[in-house]
Amino acid sequence: QVFDVVSFSLAISLAEFISPADLEALARGVPLAATALGRAVLRLERWALASRIYLLDAKSGRPLADTTHDAAPLPAAATLRDLAPEEIRQLPLRVASTGEPYFAIVTLVPHTGVVLGVEIPATPFLEARQRIWSSIRRNVIIVMLIGLAVTVLLADFLSWQIRQLQQSAAQIGHPEFPLDRGEGIVQEVADLGNTFEVMHSVLGD
């Protein structure tokens, strides 16, 4: 969600700086830095918000401007043709020649026939996600170990109580019947022990 907010905000904000005059200049081969849009792009790069910004013709996919320096491939024209107005689409994760991953989004600039693409570094997000998953796995293991320990303790205690009941049942009517019996935390076990005591008393009478 953080990535969505950052990238979508960048795309929407940058689209506001795109004017027909800039697009006409870019179509004539004027460098991006020489346009009003270029000044906004330079500020975004200086603030390290966007690592790459490009403009493509929506029909042909022809690049009008691209700030990247690693000769990364641009989205195919078929990917751009079905972009709806005001749609902001996430593209698959791109890995640069340096091995650095980038998130990319594209949007159709209203009333221009131009597609704006924005990329931001994915490493901080991927590292944060890895830390979250590592924390989740660690917590799951801890909870499982605690649950297993509690289960073993309860099972051992209940097994001890059942053995006590077995011994009581075997001694009903005999002098060795354990009258002094510890109370258990399980009501059913305590009730069964009381029943054995009653049976022993009846047999004794």
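This is a predicted model: local features need pLDDT of at least 70, side-chain atom pairs count only at pLDDT 80 or more; totals for chains, interfaces and linings use all residues.

Trainee: How many salt bridges does the structure hold?

Mentor: The general idea is that side chains of opposite charge can pair when their charged atoms come close. In this structure there are 3 salt bridges.

Trainee: Which residue forms a salt bridge with D66?

Mentor: The partner of D66 is R52, and the closest N and O atoms of the two are 2.8 Å apart. This pair links distant parts of the chain, for D66 belongs to strand β2 (residues 63–66) and R52 to strand β1 (residues 52–57), 14 residues apart.

Trainee: How should I judge whether D66 and R52 are buried, partly exposed or exposed?

Mentor: One compares the relative accessible area with two cut-offs: under 20% is buried, over 50% is exposed, and values in between are partly exposed. D66 has a relative accessible area of 32%, so D66 is partly exposed. R52 has 1% relative accessibility and therefore counts as buried.

Trainee: Which side chain meets that of E119 in a salt bridge with an N to O distance of 3.2 Å?

Mentor: That side chain is the one of R52. Here too the pair links distant parts of the chain: E119 is in strand β5 (residues 114–121) and R52 is in strand β1, 67 residues apart. Both E119 and R52 are buried.

Trainee: What is the N to O distance in the salt bridge between R94 and E119?

Mentor: The distance is 2.6 Å. Because R94 lies in strand β3 (residues 88–95) and E119 in strand β5, the pair ties together parts that are 25 residues apart in sequence. R94 is buried, with a relative accessible area of 12%, and E119 is buried with a value of 2%.

Trainee: Which residues are linked in a network of salt bridges?

Mentor: The network links R52, D66, R94 and E119.

Trainee: Let us now turn to V189. Where is its place, and is V189 buried or exposed?

Mentor: V189 is found in helix α6 (residues 187–204). Its relative accessibility is 17%, so V189 counts as buried.

Trainee: Which residues does V189 touch, not counting those up to four places away in sequence?

Mentor: With those neighbours left out, V189 touches Q161 and L165.

Technical notes:
Residues are numbered from 1 along each chain as its sequence is written. Side-chain values use heavy atoms; hydrogens and water are left out. Helices (H or I, at least four residues) and strands (E, at least two) are DSSP runs, numbered from the N terminus. Buried means under 20% relative accessible area, exposed over 50%, partly exposed in between (1.4 Å probe, protein chains only). Contact means heavy atoms within 4.5 Å. A salt bridge is a side-chain nitrogen of Lys or Arg within 4 Å of a carboxyl oxygen of Asp or Glu.
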